[in-house]
Amino acid sequence: MKFDRPLFILSGLVIVAAFLTGCGRSEKSSDADSARRTDEPYRVLCTVGMITDIVRNIAGDYAQVEGIIGEGVDPHLYKPTRSDVVNLSTADVVFYNGLLLEGKMTDVLVRVASSGKPVRAVTEAILQTSDYLLQKEDDSTYTDPHVWMDVRGWMQAVTVVAETLSSFDPAHADIYAANATAYTVQLEALDAYAQQAIGSIPESKRVLVTAHDAFNYLGRATGLTVRGIQGVSTESEAGVRDLEDLVNYIVEQQIPAVFVETSVADKNVRALVEGANARGHAVRIGGALFSDAMGQAGTYEGTYIGMIDSNITTITRALGGEAPELGMQGKLTGVAH
Ligand SMILES: [Zn+2]
């Protein structure tokens, strides 16, 4: 899938900027613009969908943006195919999450970066913000990579993308900056919705139990207590002990709902529900959350904003809070509920 974004948002600012700089597609690059000497769209390759979506929003039609890891696919376990390696080596710019999210792609990303082209981790700006990143409880060397779960954290990824595209294609830097500003306004609204919706859940019910520990940044941002069956990577199997501890917790706290994830097998979550039911506490599956992959391409849930809107709406409604059935903008298709 390539250019299926007909309603790319152009703010008045963008149009003015384009007019002032005479940014027609036929404009020739100056000699100073050594990185770009053609008006053909350049090629950007991204690992996970959440990054692909940001880049499409910032680059518009100036780049052909493709993602490697599709819907419902777990990036912790994803091994690059031969054609991925070819695509990575021929792309003009590469974005990945970093923090070992794409643990099995590290070698190939390092190799591609050694060619000298821009290969950027979108979390690199966050790395420079002290105290933002969360560590794994029992292993301080393992940093939680699921930064996109906190909309404010992901805004920093938008900044990295805009800066990288601007230095690669300086002729359109004004447009990338304006697109980033317009997209950030949408993210501000998304963050406000998340705060308001989660804040409406009765305090004793603000507990999120999921298949793996992908939601700690959301928890910190909105005041949800988060418990995942598996750790921050799905590479480790959940032990029986972990499941028993969580069943006890669910029964004691009278938690009404737990959640499956679209990119992780649901057998552990179903075992939790059976365990709690056997102890006389009726807990239900509150819905499917998008953790490490977005929804189907071409749908609202197949965008970053739609994915987070779906998660927030699903969690809020299942735990007794108030959120519109079709989400922040009335656009949810209900596929994940
Ligand atoms: Zn994960």
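Visitor: How many helices and strands are there in the protein chain?

Guide: Eleven helices and ten strands. Keep in mind that this is a predicted model.

Visitor: What share of the residues counts as buried?

Guide: Of the 337 residues in the protein chain, 46% do. As for contacts with a separation of 6 or more, 67% come from residues 24 or more positions apart.

Visitor: Why is helix H2 called largely enclosed by the rest of the structure?

Guide: The cut-off for buried is 20 or more other C-beta atoms within 10 Å of a residue's own. Eleven of the eleven residues of H2, residues 49–59, are buried, so the helix is largely enclosed. Among them are Asp-53 and Arg-56, along with Ile-51, Ile-54 and Ile-58.

Visitor: And what covers the buried residues of H2?

Guide: The cover includes strands S1 (42–46), S2 (63–67) and S3 (93–96), plus helices H6 (151–168), H7 (173–199) and H11 (304–318). Just after H2, by the way, Gly-60 has a positive phi of about 60°.

Visitor: What makes H6 roughly antiparallel to H7?

Guide: Their axes come within 10 Å and cross at roughly 175°. Angles over 145 degrees count as roughly antiparallel, so that's the label this pair gets.

Visitor: Which residues make that contact?

Guide: On the H6 side they include Trp-154, Met-155, Val-158 and Leu-165; on the H7 side, Tyr-176, Tyr-183, Leu-187 and Leu-190 are among them.

Visitor: How many residues of each class does the contact of H6 with H7 have?

Guide: It has 14 nonpolar, three polar and two charged residues. Arg-152 of H6 and Asp-191 of H7 take part in the contact, and Arg and Asp both count as charged.

Notes:
Residues numbered from 1 in each chain as written. Predicted model: local features only at pLDDT ≥ 70, side-chain atom pairs only at ≥ 80, totals over all residues. Buried ≥ 20, exposed ≤ 12 C-beta atoms within 10 Å, placed from the backbone. Helix = DSSP H or I, 4+ residues; strand = E, 2+ residues; numbered from the N terminus. Contact = placed C-beta atoms within 7 Å. Axes fitted to C-alpha atoms, helices over the stretch in contact; angles between N-to-C directions. Parallel < 35°, antiparallel > 145°, perpendicular 65-115°, else oblique.
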